[in-house]
Amino acid sequence: MSTDFLDIGVGDKQRQDQVAEGRRIAALYTVFETDERGRELLRMWTETLMNKRTPTNAPHTEYSANEAVRALIAGIHQQIKLAKSI
């Protein structure tokens with residue numbers, strides 16, 4: 001399927017819908033700030049799991065698992081920051 005100048009702007013509505021959905025989802029993460037239980041969970045995860053050090057002699061599976069957990073927690077912090085910036 002070819003595109004020409006008449007197709008310009010066709011994706012604008014879709015793009016706006018995607019941005020709006022991203023903002024809506026980011027706002028859901030604020031539960032980790034607005035709810036006391038969520039705050040406590042995120043604090044515990046950050047202190048114990050995100051900052052956990054992997055031993056230098058750990059197998060690659062342990063390293064990968066620890067990195068996945070860190071990425072999840074960092075992602076939560078990023079979504080909260082995004083929600084606050086909107």
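**Core and salt bridges**

Analyst: The largest nonpolar core consists of Phe32, Leu42, Ile73, Ile76 and Ile80, five residues. Helix α4 (residues 60-85) contributes the most to this core, with three residues; helices here are DSSP runs (H or I, at least four residues). This is a predicted model, in which local features need pLDDT of at least 70 and side-chain atom pairs count only at pLDDT 80 or more, while totals for chains, interfaces and linings use all residues. Residues are numbered from 1 along each chain as its sequence is written, and side-chain values use heavy atoms, leaving out hydrogens and water.

User: What makes a set of residues a nonpolar core?

Analyst: The set must hold buried Ala, Val, Leu, Ile, Met, Phe, Trp, Tyr and Cys residues joined through side-chain atoms within 4.5 Å.

User: Why is the pairing of Glu67 and Arg70 called a salt bridge?

Analyst: The term requires a side-chain nitrogen of Lys or Arg within 4 Å of a carboxyl oxygen of Asp or Glu. The N to O distance between Glu67 and Arg70 is 2.7 Å, therefore the pair qualifies. Both residues lie in helix α4, three residues apart, about one turn of the helix.

Technical notes: Buried means under 20% relative accessible area, exposed over 50%, partly exposed in between (1.4 Å probe, protein chains only). Helices (H or I, at least four residues) and strands (E, at least two) are DSSP runs, numbered from the N terminus.
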